[in-house]
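Subject: Handing over the structure

Hello,

Here is the structure I promised to pass on to you. Please have a look at it first, and then read my notes on what turned up.

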Amino acid sequence: MSARPFIVAIDGPAGAGKSTVSKVLARRLGFALVDTGAIYRCVALKARREGLAFDDDAKLGELLGRVHVSFEVVGEDNHVFLDGEDVSVEIRTPENSMAASQVSSRPVVRAGLLSLQRRLALETAKGAILEGRDIGTVVFPDADAKFFLEANPEIRARRRYEELFQKGVERSLEDVLADQIKRDQDDASRAVAPLKPAEDAIRLDSSVLPLSEVVQRLEQEILSRMSKR
């Protein structure tokens with residue numbers, strides 16, 4: 001029986017650098033990249049398009065059976081496809097980000113997507129990097145390596161503001177920070193799978209560390225653990 005792929009969990013709040021670090025790590029290690037946050041964003045987008053209330057558990061549960069999410073690395077970017085449509089930009093608008101935070105708090109949604117997240121990771125040959133809010137605590141509590149990235153709220157808001165600006169989305173830094181604070185509170189206080197580091201996760205503050213150093217620290221730990229498997 002073949003060994004399970006090496007599973008890496010990277011959790012943390014929005015703007016801590018999870019997406020960028022995960023993308024670079026996956027490329028350097030030859031691992032698959034599973035953006036679990038993007039999966040919830042796709043559910044939120046589909047619910048918005050169909051006019052569903054974010055607390056309508058019955059209809060959200062039915063919708064989950066019709067959501068088909070896939071990932072494809074195109075150039076330097078990890079593109080997200082919803083039902084065959086590239087929605088990489090649309091799922092990351094401020095409106096959809098807030099909707100995703102609400103949808104992801106519903107137990108029916110989290111339970112329904114758990115098997116999908118695990119399947120996307122386990123069907124890989126070598127290994128997979130999963131980034132999100134509850135990978136190390138809920139999705140893969142037995143992950144081979146767990147990390148929790150964090151950063152100063154103002155720095156995270158500035159990163160998000162710059163990202164939106166580059167995409168042509170006009171938002172003030174104050175509005176971005178306010179949205180982020182609310183999302184952080186919602187994610188940390190929800191009853192199901194709240195945002196928190198796993199007890200055995202390695203915590204790293206990315207506020208002042210350059211991307212290269214964050215990636216190198218995580219990569220060294222992963223390679224060390226892989227050599228001991």
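Let me start with a pair of helices: the axes of α2 and helix α3 (residues 57–64) come within 11 Å of each other and cross at roughly 115 degrees. That makes α2 roughly perpendicular to α3, since angles of 65 to 115 degrees get that name, those under 35 count as roughly parallel, those over 145 as roughly antiparallel and the rest as oblique. The axes are lines fitted to C-alpha atoms, for helices over the stretch in contact, and the angles run from 0 to 180 degrees between N-to-C directions. Val43, Lys46 and Ala47 of α2 meet Leu60, Leu63 and Leu64 of α3, where contact means heavy atoms within 4.5 Å.

Before going further: this is a predicted model, in which local features need pLDDT of at least 70 and side-chain atom pairs count only at pLDDT 80 or more, while totals for chains, interfaces and linings use all residues. Residues are numbered from 1 along each chain as its sequence is written, and side-chain values use heavy atoms, with hydrogens and water left out. Helices (H or I, at least four residues) and strands (E, at least two) are DSSP runs, numbered from the N terminus.

α2 (residues 36–49) also packs against helix α5 (residues 107–122), at an angle of about 135 degrees and with the axes 11 Å apart. That makes α2 oblique to α5. On the α2 side the contact is made by Thr36, Ile39, Tyr40 and Val43, and the α5 residues include Leu113 and Leu116.

Elsewhere, helix α4 (residues 94–103) and helix α8 (residues 173–189) pack at about 15 degrees, with their axes 10 Å apart. That makes α4 roughly parallel to α8. Pro94, Ser97, Met98 and Ser101 of α4 touch Asp179, Lys182, Arg183, Asp186 and Asp187 of α8.

Finally, do look at the second largest pocket, which is lined by 19 residues, with Ala32, Leu33, Phe71, Val73 and Asn78 nearest its centre. (A pocket is an open set of points on a 1 Å grid over the protein atoms alone, where a 1.4 Å probe fits, with protein on both sides within 12 Å along at least five of seven lines; lining residues have an atom within 4 Å of a point.) β3 gives the most to this lining, with five residues.

Enjoy exploring!

Best wishes
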